[in-house]
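Colleague: I am new to this one. Please show it to me, and then let me ask how you know what you say.

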Amino acid sequence: MTIDALLARKVPPLVAILRGIQPGEALAIGAALVDAGVRLIEVPLNSPDPFASIALLQAEFGGNALIGAGTVLDLAAVEQLAATGARLMVTPNTNPAVIARGVELGLEPMPGFLTPTEAFAGLAAGARRIKLFPATAQGLSYIKALREVLPKSCGVWAVGGVSAENARAWIEAGAEGVAAGGSIYKPGMTAFEVSDRARALVAALA
């Protein structure tokens, strides 16, 4: 499963960030997301036992969704992620060595950037998609300006402060996709709550 393949199927360009999720709830939350139409799911590595959750999600939903890790900071984490079979690799920063190793292992890196310098460094390291983080700190006009200088083949994803209320605005400003954290999942939420939030975001992007 790849982002290109998912987008070709008109899947909502939405990554669900499950920061703080525990392995025991991963499958129920994952099912709620997939049933709502979400096909990109990220478990940040500062969650409890994240690789266990990632492995569970990959085994259950990997044939129908792109599963991966967020907050990937070093080469050891890249290796561990690849070992789960999951392919999405999201970082909060632009680390060329981490990006390049992810590409070598067949992962889909989505490194975080804030400045044009970081954006071009991520692309030079092999990333095809980059995430503007924190997006709301810069605003819609910032991503419009970035699109004027970034390659047309580069996908920019807005992350940080994304909700059902503003998700469409980011796409209209030039983002290829968005990622939602607290507006779609917070620790302690039930699968029903996550389903409702996911469906609202999917509807906003339809």
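Modeller: Charges come first. Lys and Arg count as positive here, and Asp and Glu as negative. Bear in mind that the model is predicted.

Colleague: How far apart are the mean positions of the positive and negative charges?

Modeller: They lie 7 Å apart. The chain has 16 positive and 17 negative charges.

Colleague: What are the chain's helices and strands in number?

Modeller: There are nine helices and nine strands.

Colleague: What makes the chain as compact as a globular protein of that length?

Modeller: Its radius of gyration is 15 Å. The globule rule gives 17 Å for 206 residues. The two values are close, so the chain is as compact as a globular protein of that length. Its C-alpha atoms fill a box of roughly 45 × 35 × 30 Å along the principal axes.

Colleague: Why is Pro44 called buried?

Modeller: Buried means under 20% relative accessible area. Pro44 has 0%, so Pro44 is buried. Across the chain, 51% of the 206 residues count as buried.

Colleague: Where is Pro44 placed, and which residues does it contact beyond its neighbours within four places in sequence?

Modeller: Pro44 is in strand β2, residues 40-44. Leaving those neighbours aside, Pro44 contacts Ile17, Leu18, Arg19, Pro50, Gly70 and Thr71.

Colleague: How far is Pro44 from Ala5 in sequence and in space?

Modeller: They are 39 residues apart in sequence. From C-alpha to C-alpha, Pro44 and Ala5 are 23 Å apart.

Conventions. Residues are numbered from 1 along each chain as its sequence is written. This is a predicted model: local features need pLDDT of at least 70, side-chain atom pairs count only at pLDDT 80 or more; totals for chains, interfaces and linings use all residues. Side-chain values use heavy atoms; hydrogens and water are left out. Helices (H or I, at least four residues) and strands (E, at least two) are DSSP runs, numbered from the N terminus. The radius of gyration is taken over C-alpha atoms; the globule rule is 2.2 Å times the number of residues to the power 0.38. Buried means under 20% relative accessible area, exposed over 50%, partly exposed in between (1.4 Å probe, protein chains only). The place of a charge is taken as NZ of Lys, CZ of Arg, CG of Asp or CD of Glu. Contact means heavy atoms within 4.5 Å.
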